[in-house]
Amino acid sequence: MRAISLFILFFTFSNISFADADANGHAGRWFFLWGYNRDYYQNSDISLHGTNPNTGAAYDYTLHDVNAHDEQSNFQTQFLFPDITIPQTNERIGYYLDETHRLNFGVDHMKYVVTQYQTVPVSGTNITCTLCTSGTQAITPGYMEYEHTDGLNYISLGYEVLYPFWQNSLFKLSAVQGPDAGIVYPKTNVTMAGAGALRHDDFNIAGYGAAYKVGLIADIGRNWFLQLDFKEGILNMPWIRIDNNPSDGASQKIQFFEGILALGYIF
């Protein structure tokens with residue numbers, strides 16, 4: 001209800017008007033959008049390597065087919081009081097090349113949390129079982145906590161093609177599709193039993209990614225629009241930091257599906 005109330009306020013005070021189709025010219029104009037996302041992840045392999053500083057023992061192992069989930073905050077509270085580090089958000093700024101083509105740049109601030117109390121295949125030299133060339137490992141808080149929660153930041157440049165299919169004097173509806181590509185800049189928090197090293201609690205460039213989206217844009221007057229997107233992509237992260245030793249690390253490929261609802265303004 002709070003989101004609906006804010007939308008009504010935006011609608012009331014934005015001096016909305018379309019004289020005709022030609023009055024809705026977006027070519028050569030900039031836009032900004034802010035929205036929220038929900039994310040779904042395909043199971044993935046997580047490879048970790050490093051040295052236990054207490055024992056000097058090296059570890060190099062892979063947890064296979066690991067399940068993970070997102071971590072969305074309360075929508076109503078965060079919509080009215082947006083702390084940008086808490087909710088799963090999308091921010092983009094872009095430019096209309098013409099009425100049906102536009103470029104955009106921004107960040108998908110997603111969150112990724114390995115699900116606890118699952119048992120997965122493991123292979124390699126493992127911290128807890130010394131040499132695990134095969135077998136399984138139960139993931140519990142006592143064994144490992146692994147998450148990109150501040151967050152799984154995908155910073156990308158995108159290209160969009162719009163397909164207007166209906167409009168009247170106030171609204172215009174367009175389908176939209178297009179690719180984007182960029183870098184992954186997460187803040188990864190990892191705690192591993194027996195690792196004996198302080199976690200690396202800072203942002204770093206961990207890899208790169210690409211995605212493709214389809215969606216719907218509802219122009220409201222000359223300046224406002226709502227955009228609903230469904231995006232699928234893959235993030236390849238070979239340089240994940242896991243502790244305060246730069247020689248230790250993790251690698252992972254995450255295939256994701258993202259649903260995004262955003263409010264935009266055209267300047």
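What share of the contacts in the protein chain with a separation of 6 or more comes from residues 24 or more positions apart? I looked this up to begin with, and the share is 71%; contact here means heavy atoms within 4.5 Å.

**Ground rules.** I note that this is a predicted model, where local features need pLDDT of at least 70 and side-chain atom pairs count only at pLDDT 80 or more, while totals for chains, interfaces and linings use all residues. Residues are numbered from 1 along each chain as its sequence is written, and side-chain values use heavy atoms, with hydrogens and water left out.

**Overview.** I find 2 helices and 14 strands in the protein chain; these are DSSP runs numbered from the N terminus, helices being H or I with at least four residues and strands E with at least two. Of its 267 residues, 45% count as buried (under 20% relative accessible area, with exposed over 50% and partly exposed in between, for a 1.4 Å probe and protein chains only).

**The largest core.** Next I turned to the nonpolar cores, each a set of buried Ala, Val, Leu, Ile, Met, Phe, Trp, Tyr and Cys residues joined through side-chain atoms within 4.5 Å. The largest has 33 residues, and among those touching the most other members are Leu48, Tyr61, Tyr112 and Met192. Elements giving two or more residues to this core include strand S2 (44-51), strand S6 (101-114) and strand S9 (144-167). A second, separate core holds 9 residues, including Phe31, Tyr96, Leu162 and Ile266.

**Tyrosine 112.** I listed what this residue touches, leaving out residues up to four places away in sequence: among them are Tyr41, Ile46, His69, Tyr146, Leu152 and Ile254.

**Aromatic pairs.** I see 11 of them in the structure; rings of Phe, Tyr and Trp (its six-membered ring) pair if their centres lie within 6.5 Å, and planes under 30 degrees apart count as stacked, over 60 as edge-to-face and the rest as tilted. Tyrosine 41 and tyrosine 112 make an edge-to-face pair, 5.0 Å centre to centre with 70° between the planes. This pair links distant parts of the chain, strand S1 (residues 30-41) and strand S6, with the two tyrosines 71 residues apart. Both tyrosine 41 and tyrosine 112 are buried.

Tyrosine 265 and phenylalanine 267 are also edge-to-face, at 5.2 Å and 80°. Tyrosine 265 counts as partly exposed because its relative accessibility is 29%, and phenylalanine 267, at 55%, is exposed.

**Around phenylalanine 31.** My last entry: Phe31, Tyr96 and Phe225 form one aromatic cluster. Arginine 102 lies over the face of phenylalanine 31, 4.1 Å from the ring centre (the rule asks for NZ of Lys or CZ of Arg within 6 Å of the ring centre and within 35 degrees of the ring normal).
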